[in-house]
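Please look over the sequence and the model shown here before reading on.

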Amino acid sequence: MPSAAPAPPPLRPDFVWGVSTSAYQIEGAAEADGRGPSIWDRHCRIRDAVYNGDSGDVACDHYHRWPEDVALMKGLGVNAYRFSIAWPRVLPTGRGAVNEAGLDFYDRLIDRLLAAGIEPWVCLYHWDLPLALHELGGWSSRDCAGRYADYAALCARRYGDRVTRWITFNEFSVFTLFGYAIPWAAPRITDRAQHLRAVHHVNLAHGAGVDALRALVPGASIGAIHNRQVVIPESDTPENRAAAALLDEHWNRAFPDPQLLGHYPPQLAAALEPYVQGGDMARIARPVDWFGLNHYGPIFAKADPAATWGYGWGEAPPGGDDHGVGWAIFPDAFRDELLEIQRRYRIPIVVTENGCGGNDAPDATGAVNDPHRIAYLTVYQKALREAVARGADVRGFFLWSLLDNFEWGSGYGNRFGLVHVDFATQKRTPKASFRWYADLIARERAGVRPYP
Ligand code: FCB
């Protein structure tokens, strides 16, 4: 009898299974208990900036319903939860006087998570810069890095007795590029110089944040979250190739290269020269413990002479599969990205986001069936295991997201949750994919490999 193909090596016994969320996308309670405004509160008030005029004012009302949400996570069986602290909830003007009520909220959440056996993974910045700091220049001002370090120190002092897993920033390149060069996110600036300054100052803030966390949290395990996605020219022309090469620097390398390799990629290094001061690279390249990867699918780039940097988002080739919301499904690109990170940066990897959007709704019986999400997750889980079999040191997987939530410029029009949220009533309904993920985690724990 022919022998069966060798099984890929199992995931590590201490592999972390989690879900991810972020403050502005789920908390709501935008004006409760002294929270200050963020740049996203303002962005949502700009006509046509967000689908349907939606905002995170109420979102999932997680600020009030968090006990129910922790109970959902316990039912799911995850042993980790990645969430973000809203800087304007704990420091309403970004600096100076703290808001005790805001700090208390995260105390309660952390304590309940720990009691439920779920490890908190705390992200300090998921795009909701306090508006008052934006008015002082935001990330295009070098001072913002120091403000961020003070905020990181405040959180480290407050929660560091219970939280060891810390994340400095979520998706540096998304909020700098879409906030300062392409007008898809707050603060909606389109200016090359401001974009460049923001890139460098956010890198400085990351380094200063790592230093604060190391100094204040004994045994801290620190990472940063990068969105890396292969950039493919929409069609093979010299203009599209040049567009893809520059976007690749801005999107994939502007942050991990200086943070982990100590230098900027070539085109960016030349452009950043006026803003980089002596000693800056050493301030940025502070050792971290792991690489957080957010990945959904590849990017297709095209030349766009009218755009701030001369590139724009192109179309995926026809005939491909997508999320139902226009995001291409390419599990091989996920596998290759994990391998490329391992080769290039040589540190352990944690997948901090991967998941699938859609327009899920309850059927006549009230059940929410989302076969497209299960199909997506199935092939991406397989790709993850292929990468591990080929040597990628992957330590955990966090699915985006626990709940349907405020999906930035798409408002409530794109649902990523394992749990359906009826935004009129706040009723939570676990979808079919919730059960699927719960089964996957249970089988992994029991050593029954669903992907031989
Ligand atoms: C990522 C963001 C996250 C969510 C998902 C769908 O880029 O980090 O907040 O919007 O995409």
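## Backbone features

Ala59 is located in the loop between α2 (39–43) and α3 (62–76); helices (H or I, at least four residues) and strands (E, at least two) are DSSP runs, numbered from the N terminus. The phi of Ala59 is near 45°, a positive value in a residue other than glycine. The model is predicted: local features need pLDDT of at least 70, side-chain atom pairs count only at pLDDT 80 or more, and totals for chains, interfaces and linings use all residues. Residues are numbered from 1 along each chain as its sequence is written, and side-chain values use heavy atoms, with hydrogens and water left out.

Two cis peptide bonds may be described next. One runs from Ala186 to Pro187, with omega near 0°, and Pro187 belongs to the loop between α8 (172–180) and α9 (192–216). Another runs from Trp400 to Ser401, with omega near 10°; Ser401 is in the loop between β11 (394–400) and β12 (419–422). In general, most residues other than glycine have a negative phi, and most peptide bonds are trans.

## The ligand and its surroundings

Around the ligand there are 13 residues, of which Gln25, His126, Glu171, Glu353 and Glu407 come nearest; a residue is near a molecule if one of its heavy atoms lies within 4 Å of it. By class, this shell holds six nonpolar, four polar and three charged residues. Here Ala, Val, Leu, Ile, Met, Phe, Trp, Tyr, Cys and Pro count as nonpolar, Asp, Glu, Lys and Arg as charged, and the others, Gly among them, as polar.

An N or O atom in the side chain of His126 is 2.8 Å from an oxygen atom of the ligand. For a polar side-chain atom of Glu353, the distance to a ligand oxygen atom is 2.9 Å, and for one of Trp408 it is 3.0 Å. The protein covers 94% of the 290 Å² of accessible area that the ligand has on its own (Shrake-Rupley method, 1.4 Å probe).

## Aromatic pairs

There are 43 aromatic pairs, counted where ring centres of Phe, Tyr and Trp (its six-membered ring) lie within 6.5 Å; planes under 30 degrees apart count as stacked, over 60 as edge-to-face and the rest as tilted. The rings of Trp87 and Tyr125 have centres 6.2 Å apart and planes at 75°, so this pair is edge-to-face. The pair links distant parts of the chain, 38 residues apart: Trp87 is in helix α4 (residues 87–90), and Tyr125 is in the loop between β3 (119–123) and α6 (131–135).

Note on methods. Polar contact = N/O pair within 3.5 Å; in protein donor to acceptor, adjacent residues only side chain to side chain.
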